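My notes follow, in the order I looked things up.

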Amino acid sequence: MKFLASIVLTLLTGVPADAGTISGSVRAQGKEGADKDSTGGKYDSRKFKFIERINYAELKDFVVYIDQAPAEKPAPPSRPVQVITTKRVTQKGAMFSPRVLPVVVGTTVEWPNKDEIFHNVFSISDAKQFDLGLYKDPEVKQVVFDKPGRVDIFCSIHSSMNCIVLVLETPHFCATDDKGHYSIANVPPGKYRLKAWHDRLPSQLKEITIPETGDVKMDFVLGITNLPKY
């Protein structure tokens, strides 16, 4: 009877009846003592005083995902997702939003330019190479990301503009919110490798077991650790 009910629920909703949710938080942590020399010496001079230091507490754009390809190839979304070019609110120049976009293999990404000037979107990454040329609103360009991997994307006109499309083989992933929280729903029961990723820090893998129903908590702290010293 339970098996029949599971089939009915799956057919009606498209979501497996036996599925759990992974949730938690991700944060970054700097090396101990790295802030001791933040002032004094040469860094008080005009030449160095404006050099920007990494504030690990303020790092965002983490991605958490199951680091295993499912038995069946996941279907990409039926509609394109978007990376929008917009003006920066508090400073000059433009930006891509979001800065990091996780997608499943086969996803089509649109690149609307909502700025008042021309931009050029291109990438020379191994996972995807393309050049959309110069364009602006109302024209919208598209790219299909058909290989897994990290794709670094730039504007050939403005050096400060960059973003990353992280192309994954799993449908089970989530970008963290502004507070570092994430939630991955509808994960079939089983044992998995769960990865937390950031473009500036080493990734972290943890083993996790998903029950038939319920919420599993898993938190991550990313930092520069366990690297060989020379």
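Strand pairing first: I count two strands as paired if DSSP finds at least two bridges between them. Strands (E, at least two residues) and helices (H or I, at least four) are DSSP runs, numbered from the N terminus.

This is a predicted model, so I kept local features to pLDDT of at least 70 and side-chain atom pairs to pLDDT 80 or more, while totals for chains, interfaces and linings use all residues. Residues are numbered from 1 along each chain as its sequence is written, and side-chain values use heavy atoms, with hydrogens and water left out.

**Overview.** Of its 230 residues, 34% count as buried; buried means under 20% relative accessible area, exposed over 50%, and partly exposed in between (1.4 Å probe, protein chains only). I also looked at contacts, meaning heavy atoms within 4.5 Å. Among those between residues at least 6 apart in sequence, 63% join residues at least 24 apart.

**β8 and β9.** Strand β8 (residues 119-125) runs antiparallel to β9, joined by six bridges. Ile 124 has Gln 129 in β9 as its bridge partner. The two strands make a hairpin with two residues between them.

**β1.** Which strands does β1 pair with in the parallel sense? I found β17 (residues 215-217), with three bridges, and β18 (residues 220-222), also over three bridges. Thr 21 is partnered with Asp 215 in β17, and Arg 27 stands opposite Val 221 in β18. With β14 (residues 181-187), β1 (residues 20-28) runs antiparallel over five bridges; there Ser 25 faces His 181.

**Cores.** A nonpolar core here is a set of buried Ala, Val, Leu, Ile, Met, Phe, Trp, Tyr and Cys residues joined through side-chain atoms within 4.5 Å. The largest has 22 residues, and those touching the most other members are Trp 111, Val 121, Phe 130, Phe 145, Val 151, Ile 153 and Val 165. Elements giving two or more residues to this core include β7 (107-112), β9 (128-135), β10 (140-145) and β11 (149-155). A second, separate core holds 20 residues, among them Val 26, Val 64, Cys 174 and Tyr 192. I then checked Phe 145: leaving aside neighbours within four places in sequence, its contacts include Val 109, Trp 111, Phe 130, Ile 153 and Val 165.

**Lys 195.** Buried or exposed? Lys 195 is buried, because its relative accessible area is 17%. I find this lysine in strand β15 (residues 190-198). Beyond neighbours within four places in sequence, Lys 195 contacts residues including Tyr 65, Asp 67, Ser 203 and Gln 204.

I noted a cis peptide bond between Ser 97 and Pro 98, omega about 5°, with Pro 98 in the loop between β5 and β6. Asp 137 to Pro 138 is cis too, omega near 15°; Pro 138 is in the loop between β9 and β10. Asp 61 is a residue other than glycine with a positive phi, near 65°. Asp 61 sits in the loop between β1 and β2 (63-66) and is partly exposed at 26% relative accessible area. Asn 186, in strand β14, likewise has a positive phi, near 60°, and counts as partly exposed at 36%.
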